[in-house]
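Hello,

Here is the structure I promised to pass on to you. Have a look at it first, and then read my notes below.

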Amino acid sequence: MGIEGIGARVARKEDKRFITGSGRYVDDMVVPGMKHAAFVRSPHAHADIKKIDVKAAQAMPGVIAVLTGKEIKADGIGNLICGWMIHSKDGTPMKMGAWSPMAVDRVRYVGDAVAIVVAETKGQARDAAEAVEVTYKEKKSVADAVEALKKGAPQLHPEADGNLIYDWEIGDSAATDAAIAKAAHVTKMHIVNNRLVPNAMEPRAALGHYDKGEDHYTCWTTSQNPHVARLVMSAFYNVAPENKLRVIAPDVGGGFGSKIFIYPEEIVCLWASKRAGVPVKWVADRTESFLTDAHGRDHVSEVQLAFDADNRMTALKVDTVANFGAYMSLFSSSVPTYLYATLLSGQYAIPAIHANVRAVYTNTAPVDAYRGAGRPEATYLLERVVETAARELGVSPAELRRKNFIREFPYQTPVIMAYDAGDYETSLEAAMKEADYAGFEKRREKAKKAGKLRGIGMSCYIEACGIAPSAAVGSLGAGVGLWESAEVRVNAVGTIEVLTGSHSHGQGHETTFSQLVADRFGVPIDSVSIVHGDTDKVQMGMGTYGSRSGAVGMSAVVKALDKVEAKAKKIAAHLMEADEGDIVIENGELKVAGTDKSVPWFQLALAAYTAHNLPGGMEPGLKEGAFYDPTNFTFPAGCYICEVEVDPDTGETEIVQFVAADDFGNIINPMIVEGQVHGGIAQGIGQALLEGAHYDPASGQLLTASYMDYTMPRADDLPSFKVSTSNTPCPGNPLGIKGCGEAGAIGSPPAVINAITNAIGNNDLAMPATAQKVWSALKAATKH
Amino acid sequence: MYSTNYHRASSVADAVKLLKKADDGKFVSGGMTLIPAMKTRLAAPSDLVDLRHVPELKGVKISGKTVTIGAATTHAEVAANAKLASVCPAICNLAAHIGDPHVRHMGTIGGSIANNDPAADYPAALLALGATIFTNKREIAADKFFTGLFETALKDDEVITAVAFTAPAKCGYAKFPNPASRYAMTGVFVAKAKDGVRVAVTGAGEDGVFRSKEIEAALSKKFDASALEGVSVSAGTLMSDIHANAEYRANLVVVMAKRAVASANG
Amino acid sequence: MSQVEMVVNGRKVSGTVEDRTLLVHYLREHLGMTGTHVGCDTSQCGACVVHMDGKAVKSCSILAAQASGSDIVTIEGLANGADLHPVQAAFREHHGLQCGFCTPGMIMAATDMIARHPEGLDEKTVRAELEGNICRCTGYHNIVKAILAASKAMGKAGKGKTKKAA
């Protein structure tokens, strides 16, 4: 692997700028003549806009322009779209209501954009935004998805009768019902997956710059996928044709899904830049982020898991209501369907599965993918019901899982997914050993003496990463292909630029992608530059989400490297008068195997560009591009074990041990992979113990709209984690890697809740398991 | 933040003069609550009169059991004062757990009690310690000082200069922080002095900090956590919010009281 | 408007600012030092932490006018030329950062923490002392590791020296 090659624990190249305060985030960008924007936002969850009077605001100091939804509509800017078509079980297409970048006649959630003010300073823009007089006629609102489905609930969009976007199903309903009817045991649960706010530490921002001379737009934006942003803004929102629109996502301070989607503010800033004749920058404050970033999760489900007399799973039946918020965000429709229900088989051989999902409009912020997107919801539901079943059946949770593990691959589940490879037993054993599962009862006794209730819980997750192949997702309704592109440019002096459509916002691509090159050509990673995040530099790409940069993005780089290597070998063979098949690349040299003949890498590169002596007919230069479209999803899986101590006096939970054993296939940089797992676990523990977006049911106001009320996991809420990996290679891509970005967030919530419910002896506990909830559940348990 | 006019006071008299000239001025000390409130446009003083550089407001004085803490003394300074810790460790411990290290470097005792946030820590301490609040005009007993949510007995142009108390024989503080804000969701300060036991509760009351008669009665009999076994407090006047309902807070009052007593008894 | 004067990373600076200008905005927008970040409105995330007169403070909750006359050190002023501060080096070595947004505040908090604990640090103390800094990427695991390592390294290097780190 070399000290900088595949598998090496290389310190990150990008860190140098971040630890010295030299990172370049959107809010750090300054363009000559740049002005500042503030949005006027709806204070109501649901209201008709009767009148907007901007006169007073326009007269405020420093104000350059005040623009509204009517004007953006008049200029032909299109509505925001959801890019994944889902059909209901009756065959009808999903019911998408109109989402104007700024509301024209109706607001549907608190924070809905109504107007933009552009002024000399941010302070002046905000002062003037308050002076915009909007006359609203308030309407009844609904924040809860189950309530929104009820007769008589307030209606959000004329297109969606009864607020129902789709009523979708997967699997064999009749077979599932039949298996449940003759089951020896059925475990039934009501499972709520709490709504989360992603909270990347960098708030969203956009800087729109219209260049009149060139009739060209540039948008700096906090995006995980600048090319998709350009495509969507061009093809659907009519901002500008693609060749007249450059989108740059520079350093981006975390995404976790929330920066995949194209938001109104980016569109409006670009458009306003032309209308106002100045570059326009908008930066969200944290409360604006809480109100308007796409939220995650928010499912309410009923689940039944059936067993035969031998404790083998025979059927799983799921009925889920998914809250979509006020508008359909870019990939919202795919989350509770193809990213959720297709994973309901988990690691288990379950012959019959049926899931029904209803997607519902409510007067809340739009809901879309957040770290894990659908897979955490599936895992939480399944792993809680499995653990609860083990308790009901009186068998060990590990044994019940073991008995039902899938052991032969490939395995076709009843819910579309075909698992290519896996070894669940290995992860389970590794986790149990690391956690000293066998010694738990002793620890429980010891804790009891100290007045604490100790519990242990387990979760065996599977996920699907890579979000591909294009033809498959296309047949399921995706509006885009989900391949990735790469270009490898070897410069005449031998340094190398790798252009990728993947985007790094914390994942460390500048390091890991460079490692691929170092591994291949034996050059130092410092001679490799990774170029990403700019549509003028990289031709096309699909961006980073769904743990796809490794499995898909890196595979594209590998394909391009293959081509570069092939050409380099041809040139080397020609220069050294050897057979092409005898050329090997080692330590930065191209050698003729078994001889002492060699050409250093830099000399080879120079030869390619001087072109004085190339094989006949060969084009000069050394630059190759590739697109990679995978053949399947990848299927990382693992086992997480959480051990907690509950203080019976207060209900407070302390996580005393957290063990993660993941199978990610081959690994490029273990240090970075571990970091991804740590972060994912923290978000999973956050969901389980601390975090929850809470809308007031009567007013539709978001009550958790700042860090005063929304509990972010802090250092003292978490333990150090014990993480390890096993490495069953993925057969579906050239590197054999699976993806690791979301696993932590997927596997951990059920492990935590299973541990707490084990400690308190009450399975009826919802996330976030705050101290009060645990205290109440404990009281309820002791009453019985 | 709305526009405001900043003034730096050099003395208490100067501060009062500056404030009188303002339309709707406010004193600012550490600013750890006021500046964030202004940022979110929840507070909009026309003028800010900065007390941070007034020398006479700073410092901790200890004479025998009498402790005087200058109003502009930061939480970090209170927390780290070894002499104070030798007479009243509970107050140092309390200060060491207000906000976070950065907030403690700026936030002051005067600013905290003048704001009287219903979830702030100091009000519980001062009430339980039977402290006296000194202003540029008068002395106010803690019992009379905290008058409601974010309300105090202070007049507009009145500046807190110091707080003083007699260190009791024993005292202790325990809080259960709100998981998000880290303010007290319930905090209980217990003090056993010559004239009896005083117990003050913050973070839990609908009207801000209050004395718990039930707990005082129990601890007066025996100043020990065991005296609180089976004691319950009424949830009637306690706060309910998205983080904790009144019933849970009532439980926390008793649990925190037990822990505070245990800490007082060391 | 207020006239402000301060020393930032050893350099004397002055300017005229609106009285409502926060220290963080003065640093970022007037001085062009964008290493200090803003991640929340409520003084909790700590992305804005700088040192004022040798103490870690939240520059988003202090007016530039309040800070006038003081000595400020930001993330840009921590390294000694090309030599990284031991805390910076430890964050890189131990992968204590991912997206980098909270990192400047984390590092400034960590240097302050280490300076206040010359006796050394343990994991529990580090976690408690990080109450005012939020990270969404790392789960804190490697941040804690980095701070413990830096504290140890600085303890060794600092033996016999009185010079305070940053």
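Let me start with the meeting of chains A and B: 14 residues of chain A and twelve residues of chain B make the contact, where two residues count as touching if their C-beta atoms, placed from the backbone, lie within 7 Å. On the chain A side there are six nonpolar, six polar and two charged residues. In this count Ala, Val, Leu, Ile, Met, Phe, Trp, Tyr, Cys and Pro are nonpolar, Asp, Glu, Lys and Arg are charged, and the others, Gly among them, are polar.

Some housekeeping: this is a predicted model, in which local features need pLDDT of at least 70 and side-chain atom pairs count only at pLDDT 80 or more, while totals for chains, interfaces and linings use all residues. Residues are numbered from 1 along each chain as its sequence is written, and chains are lettered from A and ligands numbered from 1 in the order in which they are written.

Chains C and A also meet, with 45 residues from chain C and 42 residues from chain A. α3(C) gives the largest share of the chain C side, four residues. That side holds 20 nonpolar, 15 polar and ten charged residues.

Now to the inside of chain A. Strand β3 (residues 63-68) has six of its six residues buried, so it is largely enclosed by the rest of the structure. Buried here means that 20 or more other C-beta atoms lie within 10 Å of a residue's own; strands are DSSP runs of E, at least two residues long, numbered from the N terminus. β3(A) pairs with strand β5 (residues 113-119) of chain A in the antiparallel sense over five bridges, pairing being called when DSSP finds at least two bridges between two strands. Within this pair, A:Ala65 has A:Val118 as its bridge partner.

What else does A:Val118 touch, leaving aside residues up to four places away in sequence? Its contacts include A:Lys35, A:Ile64, A:Ala125 and A:Val280. A:Val118 is also, with A:Val117 and B:Val190, among the residues that touch the most other members of the 420-residue largest nonpolar core (buried Ala, Val, Leu, Ile, Met, Phe, Trp, Tyr and Cys residues joined through C-beta atoms within 7 Å).

Finally, chain A has an open, mixed sheet of four strands in the order β21-β20-β19-β25. β21 (528-531) and β25 (623-628) are at its edges with a single partner strand each, so one side of each has no neighbour in the sheet. Inside it, β19 (residues 484-490) and β20 (residues 496-500) run antiparallel over five bridges, with A:Val498 as the bridge partner of A:Val488.

Best wishes

Conventions
Buried ≥ 20, exposed ≤ 12 C-beta atoms within 10 Å, placed from the backbone.
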